[in-house]
Amino acid sequence: MSTQPVILKARGAVARRQLFSRFSRYVFLLATAIPVTILLVLTYDTVQTAWPRLDWGIISNYPSRHWEITGYRPGIVGSLWILGVTVFASFPVAIGTAIWIEEFAPKSRLLTIVKINLANLAGVPSIIYGILGLTIFVRFYEMERSILAAGFTLALMIIPMTVIASQEAIRQVPPSLRDGALALGATRWQAVRHNVLPNAIPGIMTGVILATSRAAGETAALIMIGGFTFIRFDPGPSPADIVNPSAFYDGLRESFTILPIQIYGDTINSQLDFRHAAAAGIIALMAGVMTLNLIAAVIRERFRRF
Amino acid sequence: MKELDETLAPASRAVAADIIAPEPTPTEEAIRTPAEPALFRLRDLGVWYGSKHAVSEINLDIPLNRVTALIGPSGCGKSTMLRCLNRMNDLIPTARVEGRVEYHGANIYDRSVDPVEVRRRIGMVFQKPNPFPKSIYDNVAFGARVNGIKGNMDEIVESALRRAALWEEVKGELRKSGLALSGGQQQRLCIARALAVQPDVILMDEPCSALDPIATLKIEDLIRELVQNYTIIIVTHNMQQAARVSDYTAFMLAAEHGVNGRLVEYGPTTEIFTNPREKRTEDYITGRFG
Amino acid sequence: MTRAVFERQLTEIQEDMLVMAGMVETAITQSIEALRLRDVALARRIIENDKEINRKRYECEERCIELISLQAPLASDLRTIISVLHITVDLERMADHAEGIAKIALKLSDEPPLKPYIDIPRMAEVAARMLSGALDAYKLRDAVRAREIIEMDDEVDGLYEQVYRELLTFMIDDPKTIQRATYLIWVAHNLERIADRSTNICERVVYLVEGRVYDLNVSKY
């Protein structure tokens with residue numbers, strides 16, 4: 001029996017290991033700090049540039065030749081309408097596809113091919129979608145350079161990533177929930193509807209919002225479709241047209257612009273002061289995307305209650 | 001005949017060669033048909049997962065209103081066999097089932113049979129309690145709702161919870177989440193959920209393996225109560241549980257012991273545990289292998 | 001091999017039981033010796049030793065109960081332990097009978113024998129053979145042999161009848177022999193009980209091997 005107290009301080013090899021562990025911790029901290037710092041610096045820079053135009057006019061005014069009063073209202077309205085079309089066109093298809101793949105499809109060659117294709121499509125550059133949209137929607141379906149064409153094009157673009165994200169979300173639902181429902185005599189659809197989907201919604205929502213944010217910022221493809229830089233009216237149907245389907249449809253076939261395009265236009269304007277407006281527009285876009293994320297987070301939490 | 005030599009070293013009993021050498025088919029009398037009305041008759045039942053043969057040539061009569069236990073080492077196919085009884089194996093893409101499973105005389109694998117209806121009448125409780133992330137009430141009502149069972153839902157829920165010996169503990173908190181219950185309560189909730197669709201069979205796949213001893217005993221008591229009105233088939237790797245709870249016991253062996261998911265012995269529980277006829281059964285039960 | 005500790009414990013209780021059986025066998029043969037040779041010291045030793053045999057029985061019993069509660073034995077392990085439990089009881093009763101004979105040997109030691117002892121030692125010999133045979137059957141797990149041993153009980157019963165009738169005649173002829181005769185009848189009775197207990201052991205062996213308890217020693221009366 002030792003009469004000396006046990007020494008538990010780190011020495012030798014143990015101390016070295018500990019030291020390395022602490023060191024690596026700081027390395028990772030640094031790795032995190034870099035992008036965060038860059039982001040903060042960029043944001044600060046943008047805010048600084050935007051400062052003269054950080055007013056409500058930036059989103060409520062029409063474009064003007066005067067940078068002090070120019071606004072991005074058409075772009076915002078256009079973006080919203082296009083996103084609306086995108087959402088309606090893509091989500092049912094994407095989520096339905098994910099459900100089919102994960103819950104109903106029998107294992108076959110065809111299924112594997114579909115899955116591989118989806119993964120590939122998610123990586124295709126957006127300009128390709130623009131060209132595709134131009135050919136199919138604008139020319140072939142004769143939608144012309146309209147909100148409808150833009151919306152469908154973006155829908156095509158985000159369907160693959162939405163499907164993949166939804167697939168992941170559905171896969172996260174433990175098989176025991178599905179099995180439990182089926183063992184009680186539920187049909188496949190009932191099990192999906194009552195057990196799988198409600199629990200997959202948080203994940204699906206995340207995927208949906210990410211996809212929407214991507215679409216909201218998409219510029220190149222829509223330039224291909226033919227978004228105008230300088231429009232002084234509100235693209236799309238007017239609010240009164242909600243009740244009138246044909247007028248609504250006609251409204252969707254109007255030409256459009258979107259916020260990113262308008263911002264871009266102002267960044268290359270020969271009058272350098274338009275940079276302030278552009279920066280303010282960027283802030284507005286960022287605020288919009290953040291709001292979308294917030295909505296997604298709220299929806300996720302609501303469904304996670306149980 | 002077993003020998004005990006002069007120094008009393010237990011000879012012959014668990015010599016490796018005895019275990020590995022395969023005995024092709026069980027002797028006739030090792031599979032004893034209960035002299036009681038049978039609810040299930042399994043005839044030449046076989047299951048494949050792709051090319052892997054998981055269960056082979058099971059011929060077994062499972063009696064009505066009794067508890068039948070399936071025991072055997074891990075991977076012997078007992079869970080697979082259990083899942084054949086309510087066609088849950090249909091959900092595994094690579095699974096292939098051959099043979100007949102006769103329930104009330106009708107083959108449930110017949111083309112004209114709807115698996116959904118089979119599963120309503122033959123309920124299942126799983127190894128890890130899997131209450132839905134809904135309220136206790138909605139958990140129990142779920143089965144009734146999806147099956148379109150008419151009636152006063154409150155009564156249906158209460159009746160099922162009573163039969164599962166859970167009513168007294170949760171009657172004031174039916175809106176509470178099913179996940180907020182203890183493990184043993186969750187499992188009883190799953191049993192109540194199964195009872196609510198009015199099955200006549202309950203299949204249990206190692207229902208107590210994730211529970212503490214007290215919860216386990218409560219469920220065993222519940223099983224003995226339920227068997228008066230239901231037929232219960234339980235898979236367990238706990239020998240004592242099989243001995244305590246069941247009326248008939250079936251012992252299966254897995255592929256690595258020379259036979260492929262085969263039924264080695266089947267008979268009244270008292271006989272299996274005091275005087276098994278097959279050496280392999282004896283060795284397994286006394287813990288000399290597996 | 002799995003359950004090595006349990007195997008060892010099972011072996012040990014059976015070894016203990018057989019040690020105890022050896023002590024009982026000795027007590028039986030020696031008690032008749034003490035009677036025949038009027039050996040007081042031997043008789044006293046036998047009576048002393050009985051305490052040891054009793055102690056051993058309770059020890060075996062405790063170990064059996066311990067094994068049952070701690071190891072949850074099943075099938076043949078369970079039957080083995082149950083057999084040991086029962087057999088030790090039979091052995092202990094047999095030892096008590098042997099002690100009874102030794103006590104009678106003490107009582108009869110200061111008088112000449114009533115008559116040459118012929119049938120009584122014969123009975124003792126058969127009874128001893130039965131016990132030893134039963135133990136062999138146990139060791140070899142031989143149910144056939146066990147059943148054969150049980151048949152031997154008829155011989156002991158027959159001898160007992162004979163002894164009883166003979167001693168009865170003695171008592172009727174000469175009332176002064178009553179005391180000694182009754183003692184001798186008691187000895188014969190003890191021997192008959194010993195033989196009967198051996199058949200119990202044989203029934204246990206059959207139980208151990210075949211898994212069922214049978215009543216095999218059906219009286220011929």
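Predicted model: local features only at pLDDT ≥ 70, side-chain atom pairs only at ≥ 80, totals over all residues.
1. Let's start with the cysteines. How many disulfides does a search of the whole structure find? The count over all chains is 0. Take B:Cys76: the closest cysteine sulfur is the one in B:Cys84, and it sits 13 Å away, so the two are too far apart for a bond. A disulfide would need the sulfur atoms within 2.5 Å. Looking from the other end, B:Cys84 has B:Cys76 as its closest cysteine partner, again at 13 Å and too far for a bond. B:Cys76 is buried, at 0% relative accessible area, and B:Cys84 is buried too, at 0%.

2. Now have a look at the sheet in chain B. It is an open sheet of 4 strands, running in the order β2-β1-β4-β5 with antiparallel pairing. Which strands stand at the edges? They are β2 (52-63) and β5 (106-107); each has a single partner strand, so one side of each is left without a neighbour in the sheet. As a reminder, strands of a sheet pair through backbone hydrogen bonds, either parallel or antiparallel.

3. Strand β1 (residues 38-49) and strand β4 (residues 95-103) of chain B are joined in the antiparallel sense over 8 bridges.

4. Over in chain A, helix α1 (residues 12-50) packs against helix α12 (residues 274-303) at an angle of about 125°, and their axes are 7 Å apart. That angle makes α1(A) oblique to α12(A). On the α1(A) side, the contact residues include A:Thr43, A:Val47 and A:Ala50, while α12(A) brings residues including A:His276, A:Ala279, A:Ile283 and A:Met286. As for handedness, the crossing of α1(A) past α12(A) is left-handed.

5. Finally, check two backbone angles. Most residues other than glycine have a negative phi, and most peptide bonds are trans. B:His104 is not a glycine, yet its phi is positive, at about 50°. You'll find B:His104 in the loop between β4 and β5 of chain B, where it is partly exposed with a relative accessible area of 48%.

6. The other case is C:Ala72, again a residue other than glycine with a positive phi, near 45°. Where does C:Ala72 lie? Look in the loop between α2 (40-71) and α3 (75-108) of chain C. C:Ala72 counts as partly exposed, at 30% relative accessibility.

Note on methods: Residues numbered from 1 in each chain as written. Chains lettered and ligands numbered in written order. Heavy atoms only, no water. Buried < 20%, exposed > 50% of the residue type's maximum accessible area, 1.4 Å probe, protein only. Pairing = 2+ DSSP bridges. Helix = DSSP H or I, 4+ residues; strand = E, 2+ residues; numbered from the N terminus. Axes fitted to C-alpha atoms, helices over the stretch in contact; angles between N-to-C directions. Parallel < 35°, antiparallel > 145°, perpendicular 65-115°, else oblique. Left-handed = near helix turned anticlockwise from the far one by under 90°. Contact = heavy atoms within 4.5 Å.
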